[in-house]
Amino acid sequence: MLVLARRLNQSIMIGEDVEIVIVDIKGDQVKLGIKAPRNVSIQRAEILQEIQEENRNAVNSNINPQTLDKLGDLFKKKGIIPK
Amino acid sequence: MSLLIDSKPFGRIEIDDRQIIVFPVGLFGFEKYSRFALIEESPDSVFKWLQCLEDKNLAFIVIQPELFTSTYVPIIPPSELKSLKLTKIEDALIMVIVSIPGEDPDLMTANLQGPILINKKDLIGGQFISRDETHPVRKLILDNKKTPERV
C-alpha cells in the first residue's frame with residue numbers, strides 16, 4: 001500500500017481524473033472531498049463489506065421451497081397480491 | 001425457447017430463456033458469477049429464487065420489496081443505472097435479497113441497502129447500493145404477529 005502524508009487543503013490525484021482533497025481534519029476524523037467522473041462509484045468501504053457479508057449470509061439460508069412458499073402465504077392472507 | 005437447468009431449490013427444471021438474466025459484474029462478493037435465472041415455485045409465489053447457472057448451489061431468495069414496505073425506493077445515481085441501459089429507476093424490476101435464519105424463519109430479513117435491479121426488456125441485472133442510508137442491510141420482513149411488516 002502506498003502511504004502519502006498530506007496537509008489540509010492538499011490533494012492527491014488517482015489516474016487523470018480522480019482527485020481527493022483533504023477538506024477538514026478534526027481529532028481522529030478526516031473529511032475528504034472527492035472529485036471524480038460521474039461513472040466512478042464511490043462507497044464507504046464498510047457498506048460494501050456489509051453487503052458482501054449479507055449476500056454470503058443469504059446464500060446460506062437453508063429452507064426448503066415448500067416451507068418458503070407457506071411463509072409467502074402470510075402475504076396473500078393480508079391481501080397483498082404479488083404482481 | 002426453453003432449456004433445462006440444475007437448481008438448488010427444485011433440482012433439474014425447465015425454464016424459458018427469457019428467465020435468464022445476465023449480471024455483467026455479478027453480485028457483491030460473487031463477482032465472477034454472471035448468469036442467473038429468476039425461478040419460482042408457482043407464478044403467484046411471493047418469494048422467488050435467483051439461481052446461478054454457473055453453480056447449482058448458488059441461489060438467492062428474493063422478494064419484491066413493495067410486498068412488505070410500501071415506501072421503499074432505492075436511491076441509485078443515474079450514472080449507475082446506465083449499466084442496465086436504464087434512465088430511471090421506475091423502469092427497473094426491483095427485488096431484494098432475503099436471508100432466512102435456519103433456526104427461526106420468522107426472523108427473515110431483506111437487504112434494502114443492496115437491492116437487485118433488473119432491466120426486464122434487455123434481461124440485464126445488477127446489485128446496487130442505495131444512497132439512502134436509512135435503508136438497512138437487514139430489515140425484518142415479518143413483524144412479531146407474523147404478518148408482513150408493511151409500513
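Trainee: Which residues are buried in α1(A)?

Mentor: Keeping in mind that this is a predicted model, the buried residues in α1(A) are A:I47, A:I51, A:E54, A:N55, A:A58 and A:V59. They cover an arc of only 140° around the axis, so they sit on the same side of α1(A).

Trainee: Why would residues three or four places apart point the same way in an α-helix?

Mentor: An α-helix has 3.6 residues a turn, so residues at a spacing of three or four places point the same way.

Trainee: And how many residues does α1(A) have, and how far does it reach?

Mentor: α1(A) has 15 residues, and from its first C-alpha to its last it reaches 22 Å, which is close to the 21 Å expected at 1.5 Å a residue.

Trainee: Back to A:E54 for a second, what is it linked with in the network of salt bridges?

Mentor: A:E54 is linked with A:E50 and B:R138 in a network of salt bridges, and A:E54 is also among the buried residues of α1(A).

Trainee: How many salt bridges does a search of the whole structure find?

Mentor: Over all chains, the search finds 10 salt bridges.

Trainee: Which residue forms a salt bridge with A:R44, and how far apart are the closest N and O atoms?

Mentor: A:R44 forms that salt bridge with B:E133, and the closest N and O atoms are 2.5 Å apart. The pair crosses between chains, running from A:R44 in the loop between β3 and α1 of chain A to B:E133 in the loop between β10 and β11 (139-140) of chain B. As for accessibility, A:R44 counts as partly exposed at 46%, whereas B:E133 counts as exposed at 55%.

Trainee: What about B:R131, which side chain does it meet in a salt bridge?

Mentor: B:R131 meets the side chain of B:E80, with 2.5 Å from N to O. This pair links distant parts of the chain, since B:R131 is in the loop between β10 and β11 of chain B and B:E80 is in helix α1 of chain B, 51 residues apart. B:E80 counts as buried at 15% relative accessibility, while B:R131, at 29%, counts as partly exposed.

Trainee: And in chain A, what does A:D24 form a salt bridge with?

Mentor: A:D24 forms one with A:K26, where the closest N and O atoms are 3.6 Å apart. A:D24 counts as partly exposed at 23% relative accessibility, and A:K26 is exposed, with a relative accessible area of 58%.

Trainee: Switching to aromatics, how many aromatic pairs are there over all chains?

Mentor: A search of the whole structure finds 5 of them over all chains. In one, the ring centres of B:F23 and B:F36 are 5.2 Å apart and the planes are at 70°, so the pair is edge-to-face. B:F23 is in the loop between β3 (20-22) and β4 (35-39) of chain B and B:F36 is in strand β4 of chain B, 13 residues apart, so that the pair links distant parts of the chain. Both B:F23 and B:F36 are buried.

Trainee: What about B:F36 and B:F60, how are their planes arranged?

Mentor: That aromatic pair is tilted, with 45° between the planes and 6.5 Å centre to centre. B:F36 in strand β4 and B:F60 in strand β6 (residues 59-63), both of chain B, are 24 residues apart, and here too the pair links distant parts of the chain. B:F60 is buried, as is B:F36.

Trainee: Which residues do ring pairs link into a cluster?

Mentor: The cluster is made of B:F23, B:F30, B:F36 and B:F60.

Trainee: Now the surface: which residues form the nonpolar patch?

Mentor: The patch is formed by A:L8, A:I25, A:V30, A:L32, A:I34, A:V40 and A:I42, which together have about 570 Å² of accessible area. Strand β3 (residues 29-35) of chain A gives the most to the patch, with 3 residues. A:I42, found in the loop between β3 and α1 (45-59) of chain A, is partly exposed, with a relative accessible area of 39%.

Trainee: Last topic, backbone: what is phi of B:K85 near, and is B:K85 buried or exposed?

Mentor: Phi of B:K85 is near 60°, a positive value in a residue other than glycine. Most residues other than glycine have a negative phi. B:K85 is in the loop between α1 (78-81) and β7 (93-99) of chain B, and B:K85 is exposed, with a relative accessible area of 60%.

Trainee: And B:L123, buried or exposed?

Mentor: B:L123 is buried, with a relative accessible area of 12%. Phi of B:L123 is also positive, near 60°, and B:L123 lies in the loop between β9 (116-119) and β10 (124-127) of chain B.

Notes. Residues numbered from 1 in each chain as written. Chains lettered and ligands numbered in written order. Predicted model: local features only at pLDDT ≥ 70, side-chain atom pairs only at ≥ 80, totals over all residues. Heavy atoms only, no water. Phe/Tyr/Trp six-rings, centres within 6.5 Å; stacked < 30°, edge-to-face > 60°. Helix = DSSP H or I, 4+ residues; strand = E, 2+ residues; numbered from the N terminus. Buried < 20%, exposed > 50% of the residue type's maximum accessible area, 1.4 Å probe, protein only. Patch = residues over 30% accessible without salt bridge, like charges linked within 9 Å, V, L, I, M, F, W, Y side chains within 5 Å. Areas by Shrake-Rupley, 256 points an atom, 1.4 Å probe, with all protein chains shown as cover. Salt bridge = Lys/Arg side-chain N within 4 Å of Asp/Glu carboxyl O. Expected span 1.5 Å × (residues − 1). Arc of directions from axis to C-beta.
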